[in-house]
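Dear colleague,

Please find the structure below, handed over for your use. A summary of what was found in it comes after.

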Amino acid sequence: IEPSFDKRWFFMTNSEKIVYSIFGVTNKSTQDMAYAVDRMAELLFDQNQKLDGIKVGKAIYPVVSERAERPVGGVSRSIQRLTRACWDAENRKNLLPFLGRDMPIRVPKELLFHLAYYSRTGIPYIKAIKHHAAPPV
């Protein structure tokens with residue numbers, strides 16, 4: 001992740017830096033996404049849950065909603081919108097370093113997984129698999 005000249009950069013979490021690097025802005029929607037990335041990382045790495053068992057609507061959106069002090073419906077819509085926005089040309093270019101290669105991501109769960117993995121390890125999941133460094137998920 002390249003440091004920004006924005007003073008806020010130094011106070012951001014890894015997930016906030018990743019989301020900021022992709023979208024170039026900070027607002028309620030990007031903050032929701034950063035909280036969701038943190039929650040996904042917590043479930044995968046701290047609680048050792050398998051990706052298959054994580055239900056975004058039950059395990060992530062309500063926690064993000066509480067943290068953001070916003071309704072669950074608004075949080076889920078903002079994360080879904082940002083997931084779709086990742087495929088805009090500029091955002092897609094900014095997303096590639098975190099994915100390791102161009103790949104279709106259809107649902108927020110997939111995007112959250114890849115960004116959470118990068119947030120915790122500093123390398124894209126796809127590259128970790130190639131080097132047998134990725135833990136099973």
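Predicted model: local features only at pLDDT ≥ 70, side-chain atom pairs only at ≥ 80, totals over all residues.

Residues are numbered from 1 along each chain as its sequence is written, and side-chain values use heavy atoms, with hydrogens and water left out.

The protein has seven helices and zero strands; helices (H or I, at least four residues) and strands (E, at least two) are DSSP runs, numbered from the N terminus. Of the 137 residues, 45% are buried, where buried means under 20% relative accessible area, exposed over 50% and partly exposed in between, with a 1.4 Å probe and protein chains only.

The largest nonpolar core holds 40 residues. A nonpolar core is a set of buried Ala, Val, Leu, Ile, Met, Phe, Trp, Tyr and Cys residues joined through side-chain atoms within 4.5 Å. Met-40, Ile-60, Leu-112 and Leu-115 have the most contacts inside this core. Its largest share, nine residues, comes from helix 2. Leaving aside residues up to four places away in sequence, Ile-60 touches Ala-36, Arg-39, Met-40, Leu-43, Ile-54, Lys-55 and Leu-112; contact means heavy atoms within 4.5 Å.

Helix 1 is mostly covered, with seven of its ten residues buried. These are Ser-15, Lys-17, Ile-18, Val-19, Tyr-20, Ile-22 and Phe-23. The buried residues of helix 1 pack against helix 2, helix 4, helix 5 and helix 6.

How do helix 2 and helix 3 cross? Their axes come within 9 Å and cross at roughly 130°; axes are lines fitted to C-alpha atoms, for helices over the stretch in contact, and angles run from 0 to 180 degrees between N-to-C directions. Helix 2 and helix 3 are therefore oblique to each other, since angles under 35 degrees count as roughly parallel, over 145 as roughly antiparallel, 65 to 115 as roughly perpendicular and the rest as oblique. The contact involves residues including Tyr-35, Ala-36 and Met-40 of helix 2, and Ala-59, Ile-60 and Val-63 of helix 3.
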